[in-house]
Structure formats: structure tokens, C-alpha cells
Amino acid sequence: MKISRLTRYLIVFILVLLSTTTLNYTTYLRAQEPPQVQITQPETNPILPDSIFMSQLPSWARLVDIRTVNRNIRLDIRYATTNNFLKRKLYPISKCALRSSVAQKLALVQTDLEKIGLGLKVYDCYRPFSVTKQMWEVMPDPRYVANPARGSRHNRGAAIDLTLVDRTGKELEMPTPYDDFTEKAHADYQGGSAESRKNRQVLKDAMKKQGFIGISTEWWHFDSEDWQKFAILDVSLGAIP
């Protein structure tokens with residue numbers, strides 16, 4: 001059967017129209033598909049300590065010497081001596097520096113303990129960031145030394161290492177000595193003497209009452225519950241009045 005020229009033109013026109021419609025529909029569908037985006041985990045920026053003058057901070061956030069707040073708190077700043085796990089002196093002077101608001105709370109702990117014939121002896125307080133880096137080089141274990149990539153709460157002036165003493169300044173029995181990196185130093189360790197566990201609990205309760213929180217691996221370490229509002233610092237202890 002012969003097809004007229006007009007019919008052939010009509011068939012070609014219909015085929016072209018169908019082809020264009022299909023192409024546009026496919027393009028529309030593809031436009032509706034969400035773009036394929038490759039998601040990568042952002043790199044964690046290393047911690048950089050703040051370089052500030054204490055006078056730039058509000059009074060409650062400045063580092064202060066605990067002896068200017070409460071002189072009854074005894075000091076045994078181990079990193080100002082060679083009597084520490086590094087066996088070398090890391091601090092130029094023996095000083096317990098804390099944020100002023102944290103120091104005020106620690107003074108209240110001392111006052112509470114004096115009512116039952118006890119007191120505090122401090123091993124470490126504010127720790128310059130540069131010292132944390134030295135410690136990590138020797139013991140890169142985050143259970144006991146803060147990773148410099150995150151910084152330490154000691155670097156914020158909001159953490160204290162300490163123990164209990166009696167009226168004469170004699171240390172009470174605890175499950176381990178300071179800086180014991182074994183399970184015996186853990187807060188839930190049930191070994192040792194009943195007296196050592198009782199003393200550990202007395203310390204924990206006294207610190208908790210004034211807003212300090214212990215950690216699981218060191219019975220002597222306590223953080224101020226508001227530690228996050230303080231920046232990491234690398235201020236020399238000698239520069240703190």
C-alpha cells in the first residue's frame with residue numbers, strides 16, 4: 001500500500017514529538033534525584049591554648065594561688081619535684097593555681113572537713129598545656145594522661161589532684177599512693193583495707209558536696225562540674241600572682 005507524502009511527514013512529526021517528550025521527561029526525573037555528595041569526616045583541629053592575660057578575664061575566671069584563698073590547704077606539688085612518675089621537675093615553683101571560682105569551692109571543702117578534724121593536701125592543680133605534652137610523650141595513655149589533641153581539665157585550671165590529711169597534716173590511708181597507674185587506683189576498686197576505702201569515700205563525698213566530680217581511673221582526681229566554660233591555657237605558674 002502506498003503512503004502519501006503528507007502521511008509520511010505526519011508520521012515523522014509524531015516520532016520526533018515522542019522522542020522529544022521522552023528526553024524531557026528523563027531529564028526531569030534526573031533533575032529530581034538528589035545529587036550524589038561524598039561526605040568526608042572533617043579533620044579534628046588540634047587544641048591550641050589561649051594566649052591571654054589574666055587581667056583580661058572576669059575575676060571569677062582568673063587563675064589564683066589557692067594559698068591566697070585558704071592557707072589551711074596543704075601543698076605537696078609533685079611536679080615541682082622529682083617525686084613523680086616522670087622522675088623530673090616540670091614546674092619552676094610549687095604552686096596550686098586554680099580558677100578563682102574553683103578555688104573558692106575548694107576552700108569550702110577544706111572548711112567542711114575541718115569540722116570533722118580533717119583537711120586537704122593538694123598534689124596538682126592548674127597544669128600548663130606544655131607540661132601535658134611532655135607527660136603524653138612519656139605515657140600516651142588517655143586513662144591517666146590527657147591527650148594534648150584534646151587538652152586536660154588541669155590545663156583549664158578546673159581540676160585538682162588531692163588527698164585527705166588529719167589535724168597534724170599526716171596523710172590518711174588510701175587504696176594507693178598518688179600517680180599509681182594500676183586498677184588499684186580506680187574509684188570502684190574494692191580491694192585494699194576497709195579503712196582506705198572509707199577514706200576514699202569521705203574524700204569523694206566532701207568534694208561532691210561542693211560541686212566536684214571524680215573520674216573512674218584515679219581516686220585523687222576531681223574536676224569542677226563547670227570545667228567546660230574555661231579555656232585551655234599555657235600560662236607559666238611563675239606568672240600567676
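## Aromatic pairs and the sheet

A search of the whole structure finds 9 aromatic pairs, where rings of Phe, Tyr and Trp (its six-membered ring) pair if their centres lie within 6.5 Å, and planes under 30 degrees apart count as stacked, over 60 as edge-to-face and the rest as tilted. The model is predicted: local features need pLDDT of at least 70 and side-chain atom pairs pLDDT 80 or more, while totals for chains, interfaces and linings use all residues. Residues are numbered from 1 along each chain as its sequence is written, and side-chain values use heavy atoms, leaving out hydrogens and water.

Y79 and F85 form an edge-to-face pair, because their planes stand at 90° with the ring centres 6.4 Å apart. Y79 is buried, at a relative accessible area of 1% (buried means under 20%, exposed over 50%, partly exposed in between; 1.4 Å probe, protein chains only). Y123 and Y178 are stacked, at 4.4 Å centre to centre and 20° between the planes. This pair joins strand β4 to the loop between β5 and α4, across 55 residues (helices, H or I, of at least four residues and strands, E, of at least two are DSSP runs, numbered from the N terminus). Both Y123 and Y178 are buried.

Two charged ends sit over rings, with NZ of Lys or CZ of Arg within 6 Å of the ring centre and within 35 degrees of the ring normal.

| Charged residue | Ring | Distance to ring centre |
|---|---|---|
| K105 | F212 | 5.0 Å |
| R153 | W227 | 3.8 Å |

The open sheet has 5 strands in the order β2-β4-β5-β7-β6, with mixed pairing; two strands pair if DSSP finds at least two bridges between them. Its edge strands are β2 (74–75) and β6 (212–214).
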